[in-house]
Structures are given as structure tokens and as C-alpha cells.
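Colleague: I would like to learn how to read the features of a model like this one. Could you walk me through it, a feature at a time?

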Amino acid sequence: MEQMSLFDNRQVYAPLASRLRPSTLEEFVGQRHLLGEGKILRQLIEKDQISSMIFWGPPGVGKTTLARIIAGRTQAEFIDFSAVTSGIKEIKNVMEQAEYSRRMGRCTVLFVDEIHRFNKAQQDAFLPYVEKGSIILIGATTENPSFEINSALLSRCRVFVLKPLTVDDMTNLLNNAIKNKAGFGNQNVEISQDYVQAIAAFSNGDARMALNTLEMAVLNGEICGDKVIVTKEVMEQCISRKSLIYDKKGEEHYNLISALHKSMRNSDPDAAVYWLMRMLEGGEPPLYIARRLVRFASEDVGMADPQALTLAVSVYQACHFNGMPECDVNLTHAVVYLSMAPKSNSLYVACEKAKQDINELPDEDVPLQIRNAPTGLMKELDYGKGYEYAHDTKEKLTKMTCLPDSMKDRIYYEPTTQGQEKAVKERLEKIREWKKN
């Protein structure tokens with residue numbers, strides 16, 4: 001009797017996600033806003049009217065799979081290309097092949113996975129071939145195309161946004177994997193629907209992660225006769241810690257810091273602490289967050305609570321001393337303090353008003369009365385003439401103008417009545433009134 005090798009049927013031992021990869025639109029899960037009956041992308045595919053396009057979406061939502069389905073439906077040749085492993089030389093070779101096919105009357109669909117990894121020069125290499133129609137380019141990216149794709153190339157492509165799969169989509173996908181013969185259909189797998197839904201929720205819209213997690217749970221399940229039971233202990237091991245989708249240099253980085261800022265600005269400490277922990281758990285350097293809190297202390301709290309800046313700087317130093325994970329509570333201290341502090345953006349508004357004048361108005365000379373006169377020549381040129389020393393007066397104030405004459409009535413700082421800034425507002429109003437009268 002001939003012994004069967006483990007490698008005699010490699011498909012059986014391929015990862016679950018690979019074995020269950022859809023090959024038709026009917027099998028494809030999710031993206032109903034693009035692929036539902038009558039939707040634009042489905043019509044383009046069914047009518048074989050595909051043009052160059054970019055699929056933008058998070059990992060595991062079907063970008064590569066959809067490109068393969070299009071390849072199966074179109075009458076063009078299909079080339080699968082990876083931006084991770086290919087350079088200019090490989091691009092030129094493929095383009096020459098596509099140009100030859102065009103002359104022979106055949107179109108080429110070129111799928112470029114992770115197209116955002118190509119630099120500007122590499123992306124430029126596609127342009128003439130896209131324009132001539134030698135290739136139909138389908139690029140897949142997890143990054144915002146507005147930032148990562150060459151504008152000239154982007155203008156020649158339609159962008160389709162692929163969304164994370166819903167929990168219902170995930171649940172259907174997982175149940176199909178359990179029943180499908182290409183999945184675990186030939187095995188007697190016992191797993192509760194509560195566990196299936198837990199995996200669906202854990203996977204954060206990523207089909208690949210969901211299938212990988214299910215596969216790990218089944219392979220580590222408890223064997224009882226001919227049955228594989230996925231137990232509570234196995235589930236806890238498989239989804240004990242959620243892998244957050246977070247690219248410290250990508251769009252999600254800016255989304256999360258924006259969420260943190262706006263939660264603090266809205267005096268919502270619960271939301272602010274949540275977004276803070278999302279960033280820390282995703283691997284964001286704590287000193288980056290601390291620097292942003294220092295900025296927030298002046299931009300959004302300012303004179304309403306001058307101690308906010310002191311506390312933020314102290315927390316920055318604490319992060320230096322402690323590092324992660326100990327500094328997480330220091331950052332929480334600052335985030336809660338800043339969330340609950342009275343808010344004023346008067347300092348930020350003053351900065352922006354002054355910058356606007358500097359950019360839009362001619363540069364004005366410094367008034368002579370407040371110029372420094374360290375040399376005799378400067379004194380002869382009236383540098384410092386008319387300067388009034390505030391400490392020599394009873395009020396510790398003078399009516400000397402410090403702005404250029406053309407701007408003497410400009411007001412940049414307008415304090416609010418929030419927190420301690422109310423007292424500042426009352427004092428400034430008295431000072432301005434005294435100078436005016």
C-alpha cells in the first residue's frame with residue numbers, strides 16, 4: 001500500500017482564506033454599495049466596460065479578490081503585479097509586453113497590489129500606457145489615494161472605496177466556512193453561534209483575519225471522537241487581544257489624533273481616554289501624544305486655565321521618565337485634565353489673525369520709539385526716541401503706540417469670559433479704555 005504524502009494535495013493544506021477565496025461576484029461577500037444589483041461597479045464588470053481604477057479600503061475587504069474576479073469576467077489578459085517586490089525594470093518589462101498585446105488587438109488588465117508603495121517615478125512609468133490604452137490599471141491600496149497616488153495617475157483612474165465588512169457579513173462568511181467542503185465541511189466542527197459572532201466582531205471588518213481566527217480556533221479545538229469542539233478556553237486564547245488596525249504614518253494616525261483632540265475640546269473625558277488608549281495600544285509613541293497635548297493646552301484651553309500648559313509639559317517629562325507602559329496613566333491624567341478645563345481658543349485666534357496680516361499686508365517698519373539703540377549712529381537716527389518706560393508711571397502703563405501707525409487699531413487678542421480668562425478680559429478692557437481716553 002502506497003503511503004500518501006502530506007504534499008500530495010496542497011490545496012487541502014492551504015490557509016482557509018485561500019481555499020475559500022471567491023471566484024464569482026455571486027460568491028463575493030460585502031461591498032453591496034458597489035456590487036449590488038444595478039450598482040455602478042457591477043454594471044461596469046457585467047458589461048465588460050472596465051477602465052483604470054483604484055480600490056481603496058482597509059485590509060481584508062476583498063480588493064485583490066475583486067480584481068481577480070474582474071480578470072475572470074473580462075476578455076483582457078491579466079497580469080498580477082506587486083508593488084512590494086517590483087521595481088522600474090519589472091514595470092518596463094510588463095509595459096512592453098502590454099504594448100505588444102495592444103498592437104495585436106488585445107487589452108491587458110494590470111493589477112497592482114499595494115500601489116501606494118511605489119514612489120512617484122515608479123507610478124509615472126504607468127502614465128503613458130494608461131493614456132494610450134495599453135493597460136487597464138487596477139491598483140489596490142490601504143492608504144488615502146489623495147496622499148499616496150501621483151495626482152496625474154489618480155486623475156486617470158476612478159476611485160472605488162471598499163468598506164469594512166459588517167458583523168452580519170462576517171457571520172455569514174464564517175458559517176459558510178464551517179459548512180463549505182473547501183473549508184471545514186468535511187469535518188464535524190462544533191462551535192456555538194456566540195463564538196462565531198465573537199470572531200466576527202473581533203475581526204474589525206477584516207475577512208482574512210476572521211477566517212484566520214476561525215482556522216486557529218478549529219485547529220486548536222478539543223477532539224472528542226470524530227468531533228472537534230471549539231471551547232471557551234480556545235476562544236479566549238484566539239481573541240485575547242485585539243490587533244488594532246493602526247498605521248502610525250497613514251490616515252488612521254490622523255483620524256485618531258483628530259478624535260482625541262475633538263473629544264477633549266468637547267469636554268468629553270470618556271471619549272478622550274478611549275481614543276488615547278486606541279493610539280497607545282496601536283503603538284503610537286507616547287511622546288508624540290504628549291507633544292500634541294502641550295499644543296492643545298495653549299490652543300484650546302489657553303488663558304482660561306494657564307496651569308493647563310504647565311501640567312501638559314510636566315506630563316511630557318513624566319513620559320520621558322517612565323516610558324511605556326507606565327506613562328499611560330500620566331497621559332490619562334493630562335487628557336482628563338484638559339477635557340475638564342474651561343476652554344478658550346483666543347490665543348489660537350490671535351496667532352491666526354496676526355499671521356494673516358503678516359502674509360497679506362506689506363511689512364511695516366518697527367516704530368522708532370521701540371527700536372533698540374545700542375550705537376551712537378542709531379541714536380542720531382532717532383532709534384528709541386519717544387520711548388516711554390512703563391515702570392516710571394504710577395499706573396505702570398503708557399499711551400505709547402507699539403504697533404506700526406498703519407496698524408495701530410488692530411486687535412488680535414480678544415479674551416473670552418471662560419474660567420480665569422474672565423479676569424484677564426476685565427483687566428484688558430480697562431487698559432484699552434485707559435489708553436483710549
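Modeller: Gladly. Let's start with one side chain: R42 is buried, its relative accessible area being 6%. Keep in mind as we go that this is a predicted model.

Colleague: Which residues does R42 form a salt bridge with?

Modeller: First the general idea. Side chains of opposite charge can pair when their charged atoms come close. Here, R42 forms a salt bridge with E37, and the closest N and O atoms are 3.5 Å apart. R42 also meets E46 in a salt bridge, at 3.0 Å from N to O.

Colleague: Where do R42 and E46 lie?

Modeller: Both are in helix α3, which covers residues 40-46. R42 and E46 are 4 residues apart there, about one turn of the helix.

Colleague: And E37, is that residue buried or exposed?

Modeller: E37 counts as exposed, because its relative accessibility is 66% and the cut-off for exposed is over 50%. E46 is partly exposed, with a relative accessible area of 42%.

Colleague: How many salt bridges are there by this rule?

Modeller: The count comes to 15 salt bridges. Another one of them joins R295 and E299, whose closest N and O atoms are 2.7 Å apart.

Colleague: Why are R295 and E299 separated by about one helical turn?

Modeller: Because R295 and E299 are 4 residues apart in helix α16, residues 286-301. As for accessibility, R295 counts as partly exposed at 43%, whereas E299 is buried, with a relative accessible area of 16%. Going back to R42, salt bridges that share partners join E26, E37, R42 and E46 into one network.

Colleague: Let's turn to sheets. In what order do the 3 strands of the open sheet come?

Modeller: The general idea is that strands of a sheet pair through backbone hydrogen bonds, either parallel or antiparallel. In this model, the open sheet has the order β6-β8-β7, and its pairing is mixed. The edges are held by β6 (188-190) and β7 (222-224); each has a single partner strand, so one side of each has no neighbour in the sheet. From one strand to the next, the twist averages 30°.

Colleague: How many bridges join β7 to β8?

Modeller: There are 3 bridges between β7 and β8 (residues 227-229), and these strands run antiparallel.

Colleague: What about aromatic rings? How many aromatic pairs does the count come to?

Modeller: The count comes to 3 aromatic pairs. For Y274 and W275, the ring centres are 4.9 Å apart and the planes stand at 70°, so this pair is edge-to-face. The cut-off behind that step is that planes over 60 degrees apart count as edge-to-face.

Colleague: Are Y274 and W275 buried or partly exposed?

Modeller: Y274 counts as partly exposed, at 44% relative accessibility. W275 counts as partly exposed too, at 24%.

Colleague: One last feature, the surface. Which residues make the nonpolar surface patch?

Modeller: V366, I370, Y387 and Y389 make a nonpolar patch of about 380 Å². Take V366 as an example: this residue is found in the loop between α19 (346-360) and α20 (376-380). V366 is partly exposed, with a relative accessible area of 45%.

Colleague: Thanks, I'll look for these features in the structure.

How values were computed. Residues numbered from 1 in each chain as written. Predicted model: local features only at pLDDT ≥ 70, side-chain atom pairs only at ≥ 80, totals over all residues. Heavy atoms only, no water. Patch = residues over 30% accessible without salt bridge, like charges linked within 9 Å, V, L, I, M, F, W, Y side chains within 5 Å. Areas by Shrake-Rupley, 256 points an atom, 1.4 Å probe, with all protein chains shown as cover. Salt bridge = Lys/Arg side-chain N within 4 Å of Asp/Glu carboxyl O. Helix = DSSP H or I, 4+ residues; strand = E, 2+ residues; numbered from the N terminus. Buried < 20%, exposed > 50% of the residue type's maximum accessible area, 1.4 Å probe, protein only. Pairing = 2+ DSSP bridges. Axes fitted to C-alpha atoms, helices over the stretch in contact; angles between N-to-C directions. Phe/Tyr/Trp six-rings, centres within 6.5 Å; stacked < 30°, edge-to-face > 60°.
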